[in-house]
Amino acid sequence: MIAVELLGKIKSKWLARASQELAQAEGVRQSFSFELDRFYDLLLEALDSDNPLALAPLLTEWVNARPESDIRQKDTSLFPLLSKIQSITHQVTREELNPEQALDLIDYLLPVFVSVFQFVADCEADLFIAQYSKESENARLSLEKLDKSKSDFIAVAAHELKTPLTLIEGYASMLREVLQKVNGDGHFSQYLDGIGQGTHRLREIVKDMIDVSLIDNNMLFLNYQPVWMNRLLRIVEADISSSAELRQQTLKIASIDGGDEMSFVDPERLYQAFRNLISNAIKYTPDGGMISVAGRQLPGFFEIIVADTGIGIAPEDHERIFEKFSRSANVSLHSSGKIKFKGGGPGLGLPITKGIIEAHGGTIWVNSPGCDEVSCPGSEFHILLPIRKQPPGENFAKLYEPLIQLNQIRGESYSRSMEKSA
Ligand code: ADP
């Protein structure tokens, strides 16, 4: 083939020029000349076989020869080197061959070089993607490790705090008894009350820490029991309305459609979740504000919404607040009580609430236009909770079988009486 002959003719000149121009340092010239020689032979083979991919193994070797740290830098791409090789080829062709031959050879070489560039671009992109995936996988693994050590720390700290806390509580109550015997109702009792409040708060924090580590380790086991959702909400209301009154807030907890029917949940855990949400609503709403809990029955689910007229939550914090120890910027950094305006806390309430809802097979999210202490746009926490008419697990199902049947009979006669009256 004429092109192969023409290219063969100019090889020695091309090799000398390319080695001279591309490998400036004397030390590397020899090994580089060897690589250029391989390139040239494969270029000849590509022309001869009309297969530009003949160069592929060598190009792959060149692309992979770059150190990992260089892969992300554009100037270490093979493109400048290949452009130089192409332009040296054109120069030498023009110098060594007559114009017609030169034009012919350049014409033949053009598609080969286009394929070479295309192949290298694909290889470099693949390498680049592989390098990035490796880095993001490493980052994910170290984040996982960090989270694991955070969670281990919480578990150990909670465990270690429990013993001295029990000691303080025990000694404080002994001290109260002794001092009462000696002094009657002396002024010391207010100091002991202070110790009592402090240890109570500390115990709540320790309990939260234990709950968070249970959730982190997938060990939050639910104790499913028959529950009438509206009754549960009434209990929460009775327990928390005094806190709202202290802040001159209006707390309205409406009954949910279908909430008078029996369903299976863990009542203690669900109570804890509602309490966390309503306490937060109280805490992050100015005095005189309004907190409401309302819900509706959807096919297979209850949707319950805890809304407030408080400071609201910036959109960028909507997911973050469900992570442990997170808080939005407008909240004070120290824990200053459960209901004080913007009192802050350890940042465990929402992760626990989320863990409880998710353990029930539900989901929780927040809607809020933003955080503004002056205009108080408010927040709405939405919960979707599956309605279970049977407890999970055979043993529980057997245990509650009579109750479930009784409930079905009552439900049927209730709907019949409704039909009659209608
Ligand atoms: P804590 O209240 O102990 O800081 P939480 O996990 O209960 O922790 O809440 C995390 C953060 O979410 C809070 O610090 C607060 O910034 C924000 N937040 C939670 N509920 C509300 C609410 N109803 N209104 C405004 N911000 C809220």
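Thr285 lies in the loop between helix H9 (267-283) and strand S4 (290-298), where helices (H or I, at least four residues) and strands (E, at least two) are DSSP runs numbered from the N terminus. The model is predicted, so that local features need pLDDT of at least 70 and side-chain atom pairs count only at pLDDT 80 or more, while totals for chains, interfaces and linings use all residues. Residues are numbered from 1 along each chain as its sequence is written, and side-chain values use heavy atoms, with hydrogens and water left out.

With a relative accessible area of 0%, Thr285 is buried, a term that means under 20% relative accessible area, as against exposed at over 50% and partly exposed in between (1.4 Å probe, protein chains only).

| Backbone atom | Distance to a polar atom of the Thr285 side chain |
|---|---|
| Oxygen of Ala281 | 2.6 Å |
| Nitrogen of Gly310 | 3.5 Å |

Leaving aside neighbours within four places in sequence, Thr285 is in contact with Arg247, Gln249, Met290, Ile291, Asp308, Thr309, Gly310 and Phe341, contact being taken as heavy atoms within 4.5 Å.

Strand S7 (residues 379-386) is mostly covered, since 7 of its 8 residues are buried. Strand S5 (residues 301-308) pairs with S7 in the antiparallel sense over 8 bridges, and Phe302 stands opposite Leu385 in S7; two strands pair if DSSP finds at least two bridges between them. Strand S6 (residues 363-367) also runs antiparallel to S7, joined by 5 bridges, with Glu380 in S7 as the bridge partner of Asn367.

The structure holds 6 aromatic pairs, for which rings of Phe, Tyr and Trp (its six-membered ring) must have centres within 6.5 Å, planes under 30 degrees apart counting as stacked, over 60 as edge-to-face and the rest as tilted. The rings of Phe39 and Trp62 have centres 5.8 Å apart and planes at 15 degrees, so this pair is stacked. Because Phe39 lies in helix H3 (residues 26-49) and Trp62 in helix H4 (residues 56-64), the pair ties together parts that are 23 residues apart in sequence. Phe39 counts as buried at 0% relative accessibility, as does Trp62 at 10%. For Phe322 and Phe381, the ring centres are 6.2 Å apart and the planes stand at 75 degrees, so the pair is edge-to-face.

Conventions: A polar contact is a pair of N or O atoms within 3.5 Å; within protein, one must be able to donate a hydrogen and the other to accept it, and residues adjacent in sequence count only if both atoms are side-chain atoms.
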